[in-house]
Amino acid sequence: MYQYDHHDHRIVQERVSQFRDQTRRYLDGDITEQEFLPLRLQNGLYIQRLAPMLRIAVPYGMLSSRQLRKLAHIARTYDKGYAHFTTRQNIQFNWPNLEEVPDILAELAEVEMHAIQTSGNCIRNVTSDQFAGIAPDEIEDPRPWCEIIRQWSTFHPEFAYLPRKFKIAVSGSEQDRAAIQVHDIGLQLVRSDKGETGFKVLVGGGLGRTPVVGSVIREFLPWPHLLTYLEAILRVYNRYGRRDNKYKARIKILVKAWTPEVFAQKVEEEWQHHRDNPATLTTEEVTRTKRFFTEPAYRDISDTEAQQALSGQAEAELAFSKWLQRNVMPHRVPGYAAVTLSLKPTGVAPGDVTDKQLEAIAELADRYSFSEIRATHSQNLVLADVEKGQLYSLWREAKALGFATPNIGTLTDLICCPGGDFCSLANAKSIPIAEAIQRRFDDMDYLYDLGDLTLNISGCMNACGHHHVGNIGILGVDKKGEEFYQIQLGGSSDRDTALGTVLGPSFYQNEVPDVIEKIIDVYVQNRHDGEAFNDTFSRVGVDPFKERVYAKNH
Amino acid sequence: MPKIIKGNAIIDNDWQFVARDSDLPESGNLLVHFSQWLNAPSADGRALAPWIDSEDEFEAQAERLIKAPLIAVHFPTFMDGRGFSTARLLRERYGFTGELRAIGYVIQDQLFFLKRCGFDAYDLREGTDLENALRSLNDFTLTYQGATDSALPLFRQRG
Ligand code: SF4
């Protein structure tokens, strides 16, 4: 994991003092409400329906057990004892007091954390693959590059007042687990014929009101040019992105208006002025950064033996074998596995954890996974480096703590934004919908039979719950002051990103579980052996689903 | 007389802003839109300097503009960040060395970024306590990325 040196510490501490002063001047009336807005947003602070919400950056999802304990302390001291993991690998507190936010930031700085640029019209916290560094299909670890981008974008003086928010994601593997096609900039690590590292650059992807899949503007950007090229893209966007309409201000609209070819050409022209300037990366800097992401002290383990022992345990205990199937992922290193702790037991808002649970997870990380934890895009946590021989005892402990619901990747591992219960932008509630669906599908065997299936819920067009890219997507809409839910089918955020198709007219809240059940029925009746939901959907089309769901008297 | 920050000091603002396409006052130091200034860079009994709006395409005229002793960049609102790019272009690409002044709706909490992008004079939003605002020029003593003030990113300086 990256570790601060005195430079990084100083920058974060100076930020805390700056925000303390800004908060004081705001409370004294020297800064207007309107002026304070971007200042607090760039520090992750929203004013929500019920209270402020503070979003804390978890750079590319990596956390240490020490940081988790600090988050637990903050939840207990400044909040109502819980925290919420978001779909962008960040963490949110829902009840802090404005006056205390500078103190929270000071506490975070002690453990090398901050809330810098987690909101507002600036370059946001860069995201990546939760299995970075351990995935068997990895080309190169994306995290050192994420850290380099994080530093470059932190307090970038030219790009703090962009037309709109700006999100960058980096993927280092074959399968895209970072959803780079739906980011303002998506970077795919690639190798040239000569074995040189570089990036395939995508721009203009995004969800929200106008969902778009990004376009490739450069097939191969050699690594030394990463920052100068990003700087060129950002400058073009800062100067020419629309500012007259916030719904048309994302880079995707500019790319579409100009066409990706013209956009690419403008960037290329701008880049000629930046190319080889001092922002060009050096081998020393990349080596320095990579040093923080070296392998932990793995033991030499015979995978065959470990696997045999595991099979024995799995045979003896069915529940354990189910957990192995769903919650344990392969690891690059023989004898190790990655474990997903489910934050989606039925009845708890997806992604919510209490202070006690945070501490318990820190404990598990210390004992089973080199004191590190990762936050995932699907609002779960991962212990990335667990010895196979320890899986059984980890499972027992996780089960007792409530993190072993064996539902990872299934319908009930759903993604859900805070929605109308917390978010002032919401059109509709989303947490109760999630819970109703989880209750309806409580038969684990049936869920396993359905296999991998993503269901994503957003409480409004802003799409924080990524509903466009769920196999089943649910969007809260407002019709004359009443809450309704629109359903979309066929979305995906894997290698082939696809945006869902709207099923038809929207539904009342209490109708949603029935509708989902009918959709699942149509899938089960139509699927070929082992066929995934989206494959069935593309084969049979939306009509059979429509017919069943909207049939009279059904 | 209204005050501005220039460099690290508070001074009188002796330049008057003239809106686009309006008649020039009879006397004084006047900031006129750059399209007007290019047509008539001087006027009897008055000193003129150009201002550029956030949406203006000025590059084709940059070579002439940089001969002005002062260029003002207008921020219609503090949320409009185009002026930051304009300033860097004027300084870094076109080599402007005169006074570069941020005008319009700019706030104290932008001073550090404005300074980094090459501004050296700041006409802050009315009602700002300028004495207090001076501190914000130095909100940070260290930066990760290069900019107009210093091209070297931190990674070329880390020991
Ligand atoms: S999708 Fe809408 S309701 Fe949900 S968190 Fe985002 S802004 Fe709020």
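Two strands count as paired if DSSP finds at least two bridges between them; strands (E, at least two residues) and helices (H or I, at least four) are DSSP runs, numbered from the N terminus. This is a predicted model, in which local features need pLDDT of at least 70 and side-chain atom pairs count only at pLDDT 80 or more, while totals for chains, interfaces and linings use all residues. Residues are numbered from 1 along each chain as its sequence is written, chains are lettered from A and ligands numbered from 1 in the order in which they are written, and side-chain values use heavy atoms, with hydrogens and water left out.

**Exercise 1. Describe the hairpin of chain B.**

Step 1: Find the strands. β1 (residues 3-6) and β2 (residues 9-12) of chain B run antiparallel and are joined by four bridges. B:I5 is placed opposite B:I10 in β2(B).

Step 2: Look at the turn. Two residues separate β1(B) from β2(B), and B:G7 in the turn has a positive phi of about 60°.

**Exercise 2. Characterise the interface of chain A and chain B.**

Step 1: Count the contacts. With contact meaning heavy atoms within 4.5 Å, 51 residues of chain A touch 41 residues of chain B.

Step 2: Give the area. Buried area is the accessible area (1.4 Å probe) that two parts lose on being put together, summed over both. Here the figure is about 4,000 Å², with 53% from carbon and sulfur atoms. In chain A, the residues that lose the most area to chain B are A:P157, A:Y161 and A:R239, together 19% of what that side buries.

Step 3: Look for charge pairs. A salt bridge is a side-chain nitrogen of Lys or Arg within 4 Å of a carboxyl oxygen of Asp or Glu. The rule finds 10 across this interface. One of them joins B:D80 to A:R243, with the closest N and O atoms 3.6 Å apart.

Step 4: Name the contributing elements. Those giving two or more residues to the side of chain A that touches chain B include α1 (6-27), α6 (226-240) and α8 (260-274) of chain A. The most comes from α1(A), with 11 residues.
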